[in-house]
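Please look at the structure below with the report beside it.

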Amino acid sequence: MKGFSIQMGRLCWLPQIGARRVLGWIILLVLGLNMIGCSILLKSQPEPPPVAPPESGLKEHQEIERMQKLLMEKEAEKEVQQQEIERLQKIVAEKEAQLRVQQARQQDQAKTLQETSSQAVHAQVKLRRLATRPAAASTIAEAEVAMENLKSSQFTESEQVVQSQAQRLLNTAAASYAEDNYVVAMEYAAYARGFIDMIKNNRAIKMSDSRRVITPFEVPIPLRAATNSNLRQNPALSAAVLGVVKKDSPIIAEAYQGDWLRIQTADRLSGWVLNTLVEAQVGK
């Protein structure tokens, strides 16, 4: 009887145990379904849009970018300016070197002119000593032959001016010779020969395409200003003006370079004038 009671007690507990297990499975199933549902809901929800930076932060960012761009532009401009400075410095250095060479050349030319001036004085003295009738006739004849040789080619406008001065001097030489004034005849013939040689040498330099140099006259030529003329520092229209030579002022032509004459005024001022602005000084 006792054993039966025990068996009956166990049988009574069986439904309770089965119910608990079923309840546990139901709870687990509900929990699983909840988790799956949450997961599905999480996946199905759209991603939140990116949070836009505050308006003040955006303006700051734009201002920084603008400043960086300006800085880059300034750097590029600075580099260009530096290159331009270097280029100008190079040009200045080249010009200074050319100026030093030019100054050295001018010093050499001034020394040569001084030496030639001294030689010209001796040449004039020699002319006077040799001023005999045959010597004067020979000097005039040589100048006339040289003049005829020039006429084999057509004169340019500038050459025509110089040729006219040379012819005027030759005529004066011939007139002095006719008056038995052989000293004056030889001097004027020498002046004419100087102008003739000027045309001849300028033609030779032009044909050879050589650089024109200052060429002293063998005998300085007395002239006078045909009009008020600018006395320039160098043989160029762009050269500095040292002064003005008044019309009819006596001058001495010491040398030439192309169409320019290096002259000395009565007050010992030296400079350059165009050959078209002077004329031969003949007579007293």
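The cover over the buried residues of α3 includes α4 (157–178) and α5 (182–208), where helices (H or I, at least four residues) and strands (E, at least two) are DSSP runs numbered from the N terminus. This is a predicted model, in which local features need pLDDT of at least 70 and side-chain atom pairs count only at pLDDT 80 or more, while totals for chains, interfaces and linings use all residues. Residues are numbered from 1 along each chain as its sequence is written, and side-chain values use heavy atoms, with hydrogens and water left out.

The buried residues of α3 are Ala135, Ala136, Thr139, Ile140, Ala143, Ala146, Met147 and Leu150; here buried means under 20% relative accessible area, exposed over 50%, and partly exposed in between (1.4 Å probe, protein chains only). Because they cover an arc of only 130° around the axis, they lie on the same side of α3, the arc being that of the directions from the helix axis to the C-beta atoms. Pro134 and Asn149, on the other side of α3, are exposed. The 18 residues of α3 (residues 133–150) should span 26 Å at 1.5 Å a residue, and the end C-alpha atoms are 26 Å apart, which agrees; the expected span is 1.5 Å times one less than the number of residues.

The largest nonpolar core has 41 residues, of which Leu169, Phe195, Phe217, Ile221, Leu223, Leu261 and Ile263 touch the most other members. Such a core is a set of buried Ala, Val, Leu, Ile, Met, Phe, Trp, Tyr and Cys residues joined through side-chain atoms within 4.5 Å.

Not counting residues up to four places away in sequence, Phe195 touches Val162, Gln165, Ala166, Leu169, Phe217, Ile221 and Leu223, contact meaning heavy atoms within 4.5 Å.

Asn230 lies in strand β2 (residues 229–232) and, at 35% relative accessibility, counts as partly exposed. Asn230 and Leu242 are 12 residues apart in sequence and 7.5 Å apart in space, C-alpha to C-alpha.

The protein as a whole has five helices and seven strands, and buried residues make up 27% of its 284 residues.
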